[in-house]
Amino acid sequence: MNLPDVIGLVGAGAYLGAYALLQMGRLSVRDGRYALLNVLGALALLTSLFWQWNLGAFVSQGAWLLFTVVGFLRNAAPQRRAA
């Protein structure tokens, strides 16, 4: 197994772990750890694409990263105002 595959597997593991923890009720969408796992997943998979380019995967991972960051910022904003 080469480095890009390992990096990609770390990303997939982060995504799947976040989703599993969400479904089991251990994390919520508003939990920063959920966002962190999704950001880690997207960044790892985007990094793995530098070795084996795939436009479709790049677009989907870039969108996933963008949506995660926007969602995290939107969820964090009300908490900042309340504090």
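At what angle do helix H1 and helix H2 pack, and how far apart are their axes? First, the ground rules. This is a predicted model, where local features need pLDDT of at least 70, side-chain atom pairs count only at pLDDT 80 or more, and totals for chains, interfaces and linings use all residues. Residues are numbered from 1 along each chain as its sequence is written, and side-chain values use heavy atoms, without hydrogens and water.

**Helix pair.** I read an angle of about 155 degrees for H1 (residues 3-23) and H2 (residues 32-48), with the axes 7 Å apart. Helices here are DSSP runs (H or I, at least four residues). Axes are lines fitted to C-alpha atoms over the stretch in contact, and angles run from 0 to 180 degrees between N-to-C directions. The angle makes H1 roughly antiparallel to H2 (over 145 degrees). I looked up the residues in contact (heavy atoms within 4.5 Å). From H1 they include Gly-8, Gly-11 and Tyr-15; from H2, Leu-37, Gly-41 and Leu-45. They divide into 15 nonpolar, 7 polar and no charged. Gly counts as polar, Ala and Leu as nonpolar.

**Loop.** Is Leu-27 buried or exposed? Leu-27 lies in the loop between H1 and H2. At 9% relative accessibility, Leu-27 counts as buried (under 20% relative accessible area, 1.4 Å probe, protein chains only). Among its contacts I found Leu-22, Arg-33 and Tyr-34.

Conventions. Helices (H or I, at least four residues) and strands (E, at least two) are DSSP runs, numbered from the N terminus. Angles under 35 degrees count as roughly parallel, over 145 as roughly antiparallel, 65 to 115 as roughly perpendicular and the rest as oblique. Buried means under 20% relative accessible area, exposed over 50%, partly exposed in between (1.4 Å probe, protein chains only). Lists of a residue's contacts leave out its neighbours within four places in sequence.
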